[in-house]
Amino acid sequence: MCRIRWKKQPAPASRAKILSFIRHICTMNPHLQQLQPYPFARLREAVQGIVPPAHLAEIPLYIGEPKHPAPRVIRDALLQSLDELSKYPLTLGLPELRQACAEWLKRRYDGLTLNPDSEILPVLGSREALFSFVQTVLNEAEAPVVVSPNPFYQIYEGATLLGGGKIVFANTVAPNFLPDWNSVAAEDWARCRLLFVCSPDNPTGSVLQQKDWEQLFELQDQYGFIIASDECYSEIYFDGKKPLGCLQAALECGRSFDKLVMFTSLSKRSNVPGLRSGFVAGDAKLLKDFLLYRTYHGSAMSLPVQRASIAAWNDEAHVVENRALYQAKFDRVLPILRQKFDVRLPDASFYIWLRIPDGDDLRFTQELYRDTGVLVLPGRFFARETANGNPGKGFVRIALVDELDKCVEAAQRIIDWYRA
């Protein structure tokens, strides 16, 4: 019950408004009050009122939304199946889609074999699946802990808080920008129900190697938590260095997929963020419960999207072309930025995690936008303050998602402007 004590009685009209607002708040899910503004909302507030030069077109490099054209093989499959909009889809998805996902996993991860009927589940993109999976596995009565890298994809935190859990952060540490799992207290590990991994990482582009996975598996054996591996950037890599996936790492250790699930998506791989299509794979017991939740949650993928997804997972040519476009951007942009910044090619993803020499990523973002029209995202917006500080401070994330010439122009504007 909500109670209020007045130090000074307000006017009747004001009192009525205050009481009405309090009643509204008290009837809402109390966990909603814990949510923080999304990074893009914080960015809009940070640049509100800033007007870039009129003669310079704005170049938005702050959001990880691919801009390359959607592949024809996917568009054709979508259009050819529009008549199926008249049918209800099943949450489990078409057998052909689950089979296509299984075959892709086998090709991509050196013979990795999963049962398409019990170990693969189509989802409406990784964002929706990551959120709803947390609701499936947390029991608020147990005061569960969820461990997350920091910086992190904001869905991890929001899903944890709305599920009644406590989120504990492991800061990423330079130069490899991998989470320092040793910084998590033993009492938090003891209550840990779920560990989030993001590899390739957003925003740093780092990738976990076999030894890193083995460290996590040892912790898992000790404390019994579930590992949820977010791998939606796995196909944007360079020089043929394919990122290692969690299921592949488990297989190489001779482990089962018990308490291990991976999340992937077509958004980045196939340049179709608007299709909202991906899948979850791994522990059959967890996926059985997840399917039950999703059946009530209303998460069935439309049949035309399923048909388009089958075409996408079965075709690798467009992925190779897409990856080459990102490689070309890094090849052109990095030499320009290196004139004044210490910057490296990420292990994977289409992000540059740019260190700001004076450490003020927010001021850098605001003044860069004001003077050049180039909009990036302050690293502090991706992270939370911890006892060891905010690991995002002093960096900005640059998303090389626009056309090649615009990315090059943005890099040149940054260099011409910085300490001009």
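Two strands pair if DSSP finds at least two bridges between them. Helices (H or I, at least four residues) and strands (E, at least two) are DSSP runs, numbered from the N terminus. The model is predicted: local features need pLDDT of at least 70, side-chain atom pairs count only at pLDDT 80 or more, and totals for chains, interfaces and linings use all residues. Residues are numbered from 1 along each chain as its sequence is written, and side-chain values use heavy atoms, with hydrogens and water left out.

**View 1. The open sheet and the pairing of S3 with S6.** The sheet is open and holds 8 strands in the order S2-S9-S8-S7-S6-S3-S4-S5, with mixed pairing. Strand S2 (120-123) and strand S5 (178-179) are its edges; each has a single partner strand, so one side of each is left without a neighbour in the sheet. Strand S3 (residues 145-150) runs parallel to strand S6 (residues 192-198), and 3 bridges join them. Val146 has Leu194 in S6 as its bridge partner. Helix H8 (residues 210-223) packs on the sheet and touches S5, S6, strand S7 (226-230) and strand S8 (260-265), where contact means heavy atoms within 4.5 Å. The direction of H8 makes about 150° with that of S7; axes are lines fitted to C-alpha atoms, for helices over the stretch in contact, and angles run from 0 to 180 degrees between N-to-C directions.

View 2. Strand S2 and strand S9 (residues 278-282) run antiparallel and are joined by 4 bridges. Ile120 stands opposite Ala281 in S9. Both faces of S2 are covered, with Ile120 and Pro122 buried on one side and Leu121 and Val123 buried on the other. Buried means under 20% relative accessible area, exposed over 50%, and partly exposed in between (1.4 Å probe, protein chains only).

View 3. A disulfide is a pair of cysteine sulfur atoms within 2.5 Å, and a search of the whole structure finds 0 of them. For Cys198, the nearest cysteine sulfur is that of Cys232, 6.3 Å away. Cys198 is buried, at a relative accessible area of 6%. For Cys246, the nearest cysteine sulfur belongs to Cys253 and is 12 Å away. Cys246 is also buried, at 0% relative accessibility.

**View 4. Aromatic contacts.** Rings of Phe, Tyr and Trp (its six-membered ring) pair if their centres lie within 6.5 Å; planes under 30 degrees apart count as stacked, over 60 as edge-to-face and the rest as tilted. The whole structure has 27 aromatic pairs. Trp104 and Trp313 form a tilted pair, 4.9 Å centre to centre with 50° between the planes. Trp104 lies in helix H4 (residues 95-108) and Trp313 in helix H12 (residues 303-314), 209 residues apart. Both Trp104 and Trp313 are buried. Ring pairs link Trp104, Tyr109, Phe279 and Trp313 into a cluster.

View 5. Most residues other than glycine have a negative phi, and most peptide bonds are trans. The peptide bond from Ser199 to Pro200 is cis, with omega near 0°, and the bond from Asn202 to Pro203 is cis, with omega near 25°. Ala143 has a positive phi, near 50°, and is partly exposed at 35% relative accessibility. Ser349 has a positive phi, near 85°, and is buried at 0%.
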